[in-house]
Structures are given as C-alpha cells and as structure tokens.
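Hi,

Here is the structure I promised to pass on. Have a look at it first, and my notes follow below.

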Amino acid sequence: MTSSRPYLVRAFNEWVLDNDCTPYIVVDAGVQGVQVPTEHVANGQIVLNISPGAVRGLVIGNGSLEFSARFGGVPMQVFIPLQAVMAIYAKENGEGMVFGSEPGSPDPDGDGKKEKDSGKKDGNGGDRPSGRPTLKVVK
C-alpha cells in the first residue's frame, strides 16, 4: 500500500485551516533531500508555518511538500520529502498529529539499512529508544 502520510498531512492542514488556526509542521532536517533554511534548524529539526499567509504555492504531493517563503526577507524554495514530516499541528492549541515510521517506508536516514537491536533495556524491561530524533513541544 502507499503511504498514508501525504493524505493525513493534507487532511490535517485543511482541518487546522478550517478551524481558523495556523498549521505548523515539524521537519527532520537530516532526511536526504530536505531543502530548508539551515540557519533555522535546531537539534536537527525545523518548525515551519505553512499557513497561506506565510507561504506561497504550497503543494502537498504524495512524495513531497513544497512551497516558497521568505526567511529573514530572503526568498527561498522549500522542498521536504514527506517522510521527513514528523508532525503537523495547530499553533494555537497544539492539536494535530505526530507521525511514526510506517511499514515499508524508506529509512529516514537514507541508508536503507535496518536498525539492529542494541539489546539495551530501559528500567521497565522494554527496549531503550534508539538515537532517532524525538519530538518536543515548542510553545
């Protein structure tokens, strides 16, 4: 099956806008093919306002999300493979969706290799998370 992420990103974007809120996305800037202003990347992630007032020509396709915007007055074409979109949410109330990895989706690190089980356990007997990026609430 095809990835559900593009459909969910489009739906959540529309839902946020329909409720007079501002859609923001969290992007893993380390995914191959991501073209964002690197000076605004923090901890390997960037948060972007994708509302109609902030961007021009927003296209959320099945493989990528792209638009043009100004950063510090400098115009830039932004290109984001959809597997790099980690979350979409409303700025005003934080409601939205965080995306995990999907079965069959490309490895976000771009090397195509599966992660090996490190055998490390957390204090509750579960596996400790790998070195993958985590999402934190930005207010």
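A quick word on burial first: I call a residue buried under 20% relative accessible area, exposed over 50%, and partly exposed in between, using a 1.4 Å probe and protein chains only. Bear in mind that this is a predicted model, where local features need pLDDT of at least 70 and side-chain atom pairs count only at pLDDT 80 or more, while totals for chains, interfaces and linings use all residues. Residues are numbered from 1 along each chain as its sequence is written, and side-chain values use heavy atoms, with hydrogens and water left out.

With that in place, Trp15 comes out partly exposed, at a relative accessible area of 38%. Its ring is paired with that of Phe12: the two are edge-to-face, 5.7 Å centre to centre with 85° between the planes. The rule here is that rings of Phe, Tyr and Trp (its six-membered ring) pair if their centres lie within 6.5 Å, and planes under 30 degrees apart count as stacked, over 60 as edge-to-face and the rest as tilted. Both Phe12 and Trp15 lie in helix α1, three residues apart, or about one turn of the helix. Helices (H or I, at least four residues) and strands (E, at least two) are DSSP runs, numbered from the N terminus.

By the ring rule there are two aromatic pairs. What about Tyr24 and Tyr89: how far apart are the ring centres? They are 6.0 Å apart with the planes at 35°, so this pair is tilted. Tyr24 belongs to strand β1 (residues 23-28) and Tyr89 to strand β6 (residues 85-90), 65 residues apart, so to speak a link between distant parts of the chain. Both tyrosines, Tyr24 and Tyr89, are buried.

Now for β1 itself. Six of its six residues are buried: Pro23, Ile25 and Val27 point one way, and Tyr24, Val26 and Asp28 the other way. β1 pairs with β6 in the antiparallel sense over five bridges, with Ile25 opposite Ile88. Five bridges also join β1 to strand β2 (residues 45-49), again antiparallel, and there Tyr24 stands opposite Asn49. I count two strands as paired if DSSP finds at least two bridges between them.

Then there is an open sheet of three strands, in the order β3-β4-β5, with antiparallel pairing. β3 (56-60) and β5 (74-81) stand at the edges with a single partner strand each, so one side of each has no neighbour in the sheet. Three bridges join β3 to β4 (residues 64-71), and Ile60 has Leu65 as its bridge partner in β4.

Last, the packing. A nonpolar core is a set of buried Ala, Val, Leu, Ile, Met, Phe, Trp, Tyr and Cys residues joined through side-chain atoms within 4.5 Å. The largest one has 22 residues, and Val9, Ile25, Val27, Leu48, Leu65, Phe67 and Ile80 touch the most other members. β1, β2, β4, β5 and β6 each give two or more residues to this core, and β4 gives the most, with four. A second, separate core of five residues includes Val26, Met86, Ala87 and Tyr89.

Cheers
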